[in-house]
Amino acid sequence: MTSRTDPLTLEVVELIGTIVARYHEEYEEAAAKHALTGAQARVLGLLSRGPTPMRRIAQQLKCEPSNVTGIVDRLESRGLAERRLDPADRRVKLAAATETGRETAERLRGSLDFAREPLAGLSADERTVLRDLLQRMLGVTPQPESSAPGH
């Protein structure tokens, strides 16, 4: 196993940190253009994929469920999200994006150029290798090629 303090590993860690910082900066700017905080935009992005239990949102964002409650309250007051009972377990509350919320999330995703522009400079094979390496680093099972984004 490679030492975690070798120069190459340190350089890779610094590059990843720079990419993450740039992504967050652009994400916050894009969210602000839609009068959202970064946290609200992240929750709306999750909800645009489908109704989600509030507890799962908190787990995905690595925050307290009470924080998610406040974020969903603010999204709901703007007509971007709604709460529903889970048909499979009526004790569970789901949060879901409204049609307006899904449209807002889509516009927000469309305005994020930082990641798209540098990735466009990579070939499809290079993007596939990068995706696979990132998934491996995160311990994520690779997606089948047919459902992989960008193919």
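Tutor: Start with pairing: two strands pair if DSSP finds at least two bridges between them. Keep in mind that this is a predicted model. Three strands form an open sheet here, in the order E1-E3-E2, with antiparallel pairing.

Student: What makes E1 and E2 edge strands?

Tutor: Strand E1 (52-53) and strand E2 (81-86) each have a single partner strand, so one side of each lacks a neighbour in the sheet.

Student: How do you know that E1 pairs with E3?

Tutor: Two bridges join E1 to strand E3 (residues 89-97). The cut-off is at least two bridges, so the two strands count as paired. Threonine 52 stands opposite alanine 95 in E3.

Student: How many bridges link E2 and E3?

Tutor: Six, in the antiparallel sense. Glutamate 82 stands opposite alanine 96 in E3. E2 and E3 form a hairpin, with two residues between them.

Student: What makes glutamate 76 and arginine 83 a salt bridge?

Tutor: Their side chains meet at 2.4 Å, N to O. The cut-off is within 4 Å, so the pair qualifies. A search of the whole structure finds eight salt bridges.

Student: Why is arginine 83 called partly exposed?

Tutor: Its relative accessible area is 23%. Buried means under 20% and exposed over 50%, so arginine 83 falls in between. Glutamate 76, with 31%, is also partly exposed.

Student: What separates arginine 109 and glutamate 106 along helix H5?

Tutor: They are three residues apart in helix H5, so about one helical turn separates them. Arginine 109 is partly exposed at 36% relative accessibility. Glutamate 106 is partly exposed too, with 48%.

Student: Which residues do salt bridges with shared partners join into one network?

Tutor: Asp73, Glu76 and Arg83.

Notes
Residues numbered from 1 in each chain as written. Predicted model: local features only at pLDDT ≥ 70, side-chain atom pairs only at ≥ 80, totals over all residues. Heavy atoms only, no water. Helix = DSSP H or I, 4+ residues; strand = E, 2+ residues; numbered from the N terminus. Buried < 20%, exposed > 50% of the residue type's maximum accessible area, 1.4 Å probe, protein only.
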